[in-house]
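Please brief me on the structure shown below.

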Amino acid sequence: MSGTGGETVFAVADARFAYPSQAPCLDGVSFAVGRGERLALVGANGSGKSTLLHLLDGLYFPASGAVSYLGQPLTEAALEAAPFGPRFRADVGFLFQNSDAQLFCPTVEDELAFGPLQMGWRQDEVERRIADTLALLDIAKLRARAPASLSAGEKKRVALASLLVLAPSVLLLDEPTGGLDPRSQSLLLEILDGLHVRGITLVTATHDLTLLPHLADRVLVLSEEHRLVADGTPDNVLADTGLLLAVNLIHAHAHRHGRLVHSHPHQHVVAHEHTHDDGSGHTHGDPDDGGGSEP
Ligand SMILES: Nc1ncnc2c1ncn2[C@@H]1O[C@H](COP(=O)(O)OP(=O)(O)OP(=O)(O)O)[C@@H](O)[C@H]1O
Ligand SMILES: [Mg+2]
């Protein structure tokens with residue numbers, strides 16, 4: 001199945017995965033991603049989002065079941081073979097949840113040059129792409145800095161730049177907005193939107209439900225039992241309070257309104273109003289007292 005009806009980029013068939021000496025953390029997961037799709041992967045902490053992205057990037061391999069890219073099973077042997085392996089690595093970029101695992105060069109400029117030089121691009125082409133990418137991400141001033149010395153949000157942008165410089169056709173993004181301030185978050189969403197318009201396939205793992213409508217046209221939900229339990233539009237998934245409670249992406253907690261205490265689910269998505277039996281009204285809308293539908 002693919003959301004676009006076009007070319008299938010990834011097909012995941014009944015994939016199971018467990019870390020050594022651990023219980024399974026992906027338990028029979030199946031889905032497909034079509035060319036140009038904008039997919040979000042949501043689930044509580046530990047549900048398996050990052051692990052699943054590692055499988056899509058051919059960094060881990062399922063214990064049973066299969067993951068394929070453009071119809072080719074993603075196996076260690078396939079990734080070591082030319083032309084498939086190098087083409088896959090050039091096509092697919094993976095933004096790690098932890099930027100420190102991604103950045104290893106002495107300067108930001110070297111970080112951006114590394115991939116293109118590996119690919120054998122001409123020096124003048126590399127320099128042009130680096131300048132364009134630094135400008136796109138508004139990080140030209142960080143060019144000579146050591147990545148290790150940057151703030152978390154700056155590292156995230158440099159890590160994304162090191163992927164975008166290669167002009168990948170698929171991006172796997174693990175919590176890309178983590179640690180970004182509101183302005184950087186907006187810039188990132190704009191950049192991702194631009195990539196989507198250009199037909200780049202985007203798969204984003206997040207537990208920030210507020211961003212779903214901006215990040216995705218289709219949402220897959222992983223349960224804490226490590227199974228896919230929903231596949232729908234952001235609107236449909238966000239409206240399904242029972243589902244979001246069951247997978248622990250929202251929680252019920254108590255409120256006091258004057259002398260009245262009641263509890264209802266919170267998903268911190270949109271402001272909402274409700275009325276109590278005594279006729280008093282109340283609006284939830286600030287970041288600590290956010291939305292959710294009433295029980
Ligand atoms: N390297 C590892 N070795 C052993 N267990 C691991 C390893 N990495 C993750 N796990 C376990 O696998 C499960 C899934 O982890 P994963 O990082 O994929 O979850 P996640 O959905 O990305 O969580 P988060 O929202 O916190 O990023 C968790 O129970 C986690 O403890
Ligand atoms: Mg994760």
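**Briefing**

Ala101 sits in the loop between strand E6 (92-95) and H4; helices (H or I, at least four residues) and strands (E, at least two) are DSSP runs, numbered from the N terminus. This is a predicted model, in which local features need pLDDT of at least 70, side-chain atom pairs count only at pLDDT 80 or more, and totals for chains, interfaces and linings use all residues. Residues are numbered from 1 along each chain as its sequence is written, while chains are lettered from A and ligands numbered from 1 in the order in which they are written.

**Overall make-up**

- The chain has 10 helices and 14 strands.
- Of its 295 residues, 34% are buried. Buried means that 20 or more other C-beta atoms lie within 10 Å of the residue's own; exposed means 12 or fewer, and partly exposed is in between, with C-beta atoms placed from the backbone.
- Take the contacts between residues at least 6 apart in sequence: 61% of them join residues at least 24 apart. Two residues are in contact if their C-beta atoms, placed from the backbone, lie within 7 Å.

**Nonpolar core**

- The largest nonpolar core holds 64 residues. Such a core is a set of buried Ala, Val, Leu, Ile, Met, Phe, Trp, Tyr and Cys residues joined through C-beta atoms within 7 Å.
- Leu41, Leu95 and Leu172 have the most contacts inside this largest core.
- Helix H6 (residues 152-164) supplies the largest share of this core, 6 residues.
- In soluble globular proteins, nonpolar side chains tend to be buried together.
- Leaving aside residues up to four places away in sequence, Leu95 touches Ala159, Leu160, Leu163, Leu171, Leu172, Leu173, Asp174 and Pro176.

**H4 against H6**

- The axes of helix H4 (residues 108-118) and H6 come within 8 Å and cross at roughly 30°. Axes are lines fitted to C-alpha atoms, for helices over the stretch in contact, and angles run from 0 to 180 degrees between N-to-C directions.
- H4 is therefore roughly parallel to H6. Angles under 35 degrees count as roughly parallel, over 145 as roughly antiparallel, 65 to 115 as roughly perpendicular and the rest as oblique.
- The crossing of H4 with H6 is right-handed. A crossing is right-handed if the near helix is turned clockwise from the far one by less than a right angle, and left-handed if anticlockwise.
- H4 contributes Val108, Glu111, Leu112 and Gly115 to the contact, and H6 contributes Val158, Ala161 and Ser162.
- By class, the contact of H4 with H6 has 4 nonpolar, 2 polar and 1 charged residues. Ala, Val, Leu, Ile, Met, Phe, Trp, Tyr, Cys and Pro count as nonpolar, Asp, Glu, Lys and Arg as charged, and the others, Gly among them, as polar.

**H4 against H5**

- H4 and H5 pack at an angle of about 130°, with axes 10 Å apart.
- The two helices, H4 and H5, are therefore oblique to each other.
- H4 passes H5 in a right-handed crossing.
- On the H4 side the contact uses Glu109, Leu112, Ala113, Pro116 and Leu117; on the H5 side, Val126, Arg129, Ile130 and Thr133.
- The contact of H4 with H5 comprises 6 nonpolar, 1 polar and 2 charged residues.

**Loop positions**

- Ala101 counts as exposed, because it has 9 C-beta neighbours inside 10 Å. Its C-alpha is 9.6 Å from that of Ala159, 58 residues apart in sequence.
- Glu175 lies in the loop between strand E7 (170-174) and helix H7 (182-197). Glu175 is buried, because it has 20 C-beta neighbours inside 10 Å.
- Glu175 touches Gln97, Ala205 and Thr206, not counting residues up to four places away in sequence. Glu175 and Lys156 are 19 residues apart in sequence, with 9.9 Å from C-alpha to C-alpha.
- Ser151 lies in the loop between helix H5 (123-136) and H6. Ser151 is exposed, with 11 other C-beta atoms within 10 Å.
- Ser151 and Leu180 are 29 residues apart along the chain, and their C-alpha atoms are separated by 9.9 Å.

**Backbone geometry**

- Most residues other than glycine have a negative phi, and most peptide bonds are trans.
- Ala82 and Pro83 are joined by a cis peptide bond, with omega about 0°. Pro83 lies in the loop between helix H2 (76-80) and helix H3 (84-91).
- Asp138, not a glycine, has a positive phi of about 55°. Asp138 is in the loop between H5 and H6, and is partly exposed, with 14 C-beta neighbours inside 10 Å.
- Asn248, not a glycine, has a positive phi of about 60°. Asn248 is in the loop between helix H10 (241-246) and strand E11 (251-257).
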